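I set down here, in order, what I looked up in this structure.

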Amino acid sequence: MYKRVAVTGMGIVNCLGNSVPEVLTALREGRSGVEIVEEYRALGFRSALAGTLKNYQPPVVDRVYLRQMGDNGLLATAATFEALRDAQLADELVQHPRTGMIIADSGTYKETYQLCHQKKDLGKKLTGLALPRAMASTVSANLSVLLKTQGQCMTVSAACAGSAFAIFHSAWAIRLGLQDRMITGGVHWGSWEFDCLFDSLRVFSRREDSPKEASRPFDADRDGLVPSTAAGMVVLEDWDLAVERGAHIHGELIGVATNSDGREMTTPSGEGSARCMRLALEDARIAPENIEYVNAHATGTKLGDEIEARAIGEIFGQHPYVTSTKSGTGHEVSAGGCTELIYTLLMMNHGFIAPTLNLHRIDEECAMIRHVPREAIPADFDIGMSNSFGFGGVNAVLIVKRVDA
Amino acid sequence: MRQGQLQAVMPPAGRRVVMTGLGIVCPIGTSLEAVGRHLQSDAPADRAGVTARPVDGFLGELTAWPPDDLQRAARLCAPVAQYAIVAATHACQQAQLNLAGLDTSRIAVLVGSMLGGLPEMVRTQRLLDQGKLSRAGGMGTTKMMNSGSAVNVAAQLRLRGPVMSNSSGFATGLDNIGCGYEWVRDGVVDVVVCGATEEHCAPFLGRQFSSWELSPIGVDPDCEVSVRPFDAHREGSLLSAGSGIVVLESADHAQRRGATPLAEVCGYASGFEASAAPDQFATALTRTIEQVCGQAAAAGAGSLTQVISGAAGFRQADAQHALAIRDALGTTALVTASAGWLGHSLAASSAWNVVLASLMLSQGVLMGCRGLQEIAPDCQGLRYVQDSRVASDPALLVTAGGLGFASSLAICRSTAAKNGSPG
């Protein structure tokens with residue numbers, strides 16, 4: 001028998017708010033955090049839209065640590081601090097060999113660019129701290145140094161499903177008794193160095209005349225996704241230990257699954273994501289009809305939304321509510337798997353379903369599922385599911401259950 | 001337990017995990033056979049590499065790359081992914097993984113890197129400057145993203161299980177293999193193709209190593225023996241490129257399909273030393289070695305006395321490696337390192353060491369610690385393999401550490417392999 005996994009802490013910074021309570025309010029009110037980024041306009045991007053942070057104050061971190069951190073590390077630190085406060089974990093439990101840290105990061109594009117550009121094009125000398133800022137494991141390494149965790153430590157990459165993979169990885173570490181608690185989640189720092197590649201792929205919405213309406217998953221008039229900066233972190237704990245220390249448990253992670261299409265880099269197969277949802281149900285030992293809410297991966301691309309809607313419809317029919325919170329947040333890339341798990345838990349514990357904003361005309365190819373368009377609705381549900389899919393055909397599905405259910 | 005069967009009963013010890021395929025792309029060869037031949041040959045003392053071309057004073061770009069038989073789809077990938085694809089293909093061929101008869105959704109891919117497609121950033125920036133960014137195309141993102149190598153391996157080999165890229169500094173290779181070991185041991189999947197890959201990044205990072213005083217002074221560009229692990233006159237390391245990939249599967253799975261186990265993994269642990277100084281990791285490494293020794297003993301592998309260390313000729317880090325091994329294993333430990341042969345390939349080095357460890361066990365020989373002539377005072381108290389010698393024990397410990405990360409993994413000659421029968 002494997003150990004049960006409790007979610008005891010949540011932290012988030014994104015375009016909707018700088019804390020979980022702020023994000024909760026925005027979800028309920030159906031706000032969008034998408035804006036025009038003037039820098040992207042100046043650089044000649046096809047689309048200058050992005051989800052941007054508002055009034056974000058980076059956490060105060062000693063310069064000794066700060067100089068080794070990139071923007072992504074600092075943003076993850078802000079979300080982690082909130083998650084740890086929420087979990088009320090004592091320092092001795094954080095600074096423990098059985099406390100690990102697995103974080104997903106979209107990549108250190110900005111820092112790597114600086115590394116290359118400064119040396120190669122500007123002829124400037126690199127500082128000795130460029131490597132800790134640019135290496136792939138920078139976020140988990142810096143946070144681990146800052147928090148003095150001593151257990152497993154790594155940064156994982158699985159494209160847009162990154163933080164769901166990090167949570168999968170962390171959940172198994174607890175289930176198998178390899179670690180007692182995991183600080184896990186993901187971060188994506190939006191910058192032109194990353195977004196320019198997606199822009200060249202022509203997958204961004206170009207609805208610049210109405211930024212708040214640009215992200216419209218499942219809508220017949222959708223024209224692409226909107227990238228967004230975010231960090232989402234959760235504290236996962238061995239259920240028994242969490243109960244023993246009297247922790248407030250936000251929910252139980254009852255099902256986790258990851259897989260891959262094994263086919264193409266940029267076009268989802270549909271078969272892989274459907275198989276992943278079934279794996280997660282099997283892992284949770286529940287039937288499709290037990291799922292009452294699905295936080296879809298749907299980003300607002302023509303093909304991706306259709307494929308996902310078909311897969312959800314095929315497995316669940318019209319039973320569960322299905323929404324895409326990316327309609328308000330944009331696509332949070334590597335952070336999305338964790339932030340969307342947090343949204344699902346917030347909805348579950350506060351009795352509502354955040355809508356798919358801007359869903360005025362449901363695409364016929366996406367009509368086989370139970371949408372919640374434009375406005376939040378009250379809903380009392382016990383089990384919710386969050387989908388995350390990414391380039392390279394990577395898929396991850398997480399299922400959470402309400403504590404008193 | 002498998003994904004989707006949480007309640008299945010599995011003892012904590014889990015399943016036996018064997019290595020059935022090895023793949024390596026490195027400065028001394030782009031195939032296992034070539035590397036094995038080179039290590040056994042009388043290579044000139046001042047020239048380890050035969051396929052690497054020193055660039056800017058550093059080992060880096062592999063000559064004759066890409067190989068003629070690299071498939072067109074793989075040619076579209078970044079070199080960092082190409083290395084992984086070639087090494088993974090070789091490993092799967094050696095493992096005789098016939099996908100037609102296997103459930104590919106139960107085969108995972110875990111391939112990490114530390115910097116990944118770094119040079120792609122330069123190319124992208126040039127395209128941006130020229131207003132030709134659209135030429136980066138659909139593959140631009142997948143060339144640069146950290147999981148690019150892992151997903152490309154999965155796509156090329158048509159594998160449909162979990163695919164991800166773990167990164168943990170210089171321990172990246174070991175941690176991807178260690179994670180794969182745990183997933184197979186505990187039944188998350190049946191087979192894992194795992195390891196690490198790293199691209200030629202010397203023109204960028206080499207200077208940084210210099211500014212950290214981590215690269216040798218006055219390197220002779222034609223003389224790679226400048227890397228001197230544990231040596232009194234060590235001055236730092238040379239960067240190199242390549243990939244190390246292994247195929248892991250449960251012993252039962254290997255037996256069912258008639259595969260020959262090359263070695264057995266009998267322990268793995270990883271940790272982190274929370275120090276602001278990047279070269280402090282001895283305490284964490286000691287802890288992981290002790291954990292692995294316990295696991296290996298429980299698995300019946302006996303005591304671990306032979307070590308292939310991640311020491312790469314760095315002034316501070318080599319001493320940390322020596323200290324950790326001495327504290328955990330005592331002064332009788334027999335230690336070697338591969339960096340004198342291969343340079344330092346960031347993420348890939350520790351994956352190379354796992355491949356080399358398996359090769360050494362199968363050949364019954366410990367390779368010499370090339371470049372070590374005079375043991376440094378801060379590395380004393382251990383026995384070093386200064387020339388190749390017969391491996392006395394059937395088990396080998398592989399250690400990695402740096403930038404705070406520390407990991408250890410033990411492999412032993414498979415009992416099945418020893419008995420000459422698969423499975």
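I took contact to mean heavy atoms within 4.5 Å. The model is predicted, so I noted that local features need pLDDT of at least 70 and side-chain atom pairs pLDDT 80 or more, while totals for chains, interfaces and linings use all residues. Residues are numbered from 1 along each chain as its sequence is written, chains are lettered from A and ligands numbered from 1 in the order in which they are written, and side-chain values use heavy atoms, with hydrogens and water left out.

**Entry: A:L253 and the cores.** I looked up A:L253 and, leaving aside neighbours within four places in sequence, found contacts with A:V5, A:I167, A:A171, A:R175, A:L236, A:L341, A:L398, A:I399 and A:V400. I then looked up nonpolar cores, sets of buried Ala, Val, Leu, Ile, Met, Phe, Trp, Tyr and Cys residues joined through side-chain atoms within 4.5 Å. I used buried for under 20% relative accessible area, with exposed over 50% and partly exposed in between (1.4 Å probe, protein chains only). The largest core has 248 residues, of which A:L253, B:F230 and B:L356 touch the most other members. Helix α13 of chain B (residues 348–363) gives the most to this core, with 10 residues. Helices (H or I, at least four residues) and strands (E, at least two) are DSSP runs, numbered from the N terminus.

**Entry: the interface.** I found 77 residues of chain A and 73 residues of chain B in the contact. Buried area is the accessible area (1.4 Å probe) that two parts lose on being put together, summed over both. Between chain A and chain B I recorded about 6,400 Å², with 65% from carbon and sulfur atoms. A:Y2, A:L131 and A:M265 supply 11% of the area that chain A buries against chain B, more than any other three residues. I looked for salt bridges, a side-chain nitrogen of Lys or Arg within 4 Å of a carboxyl oxygen of Asp or Glu, and found one across this interface. The side chains of B:R160 and A:E271 form a salt bridge at 2.9 Å, N to O. Helix α6 of chain A (residues 109–121) provides nine residues, the largest share of the side of chain A that touches chain B.

**Entry: chain B.** I noted 14 helices and 13 strands in chain B. Of its 423 residues, 66% count as buried.

**Entry: helix α8 of chain A.** Why is this helix largely enclosed by the rest of the structure? I found that 10 of the 10 residues of α8 (residues 138–147) are buried, so the helix is largely enclosed. Just after α8(A), A:K148 takes a positive phi of about 65°.
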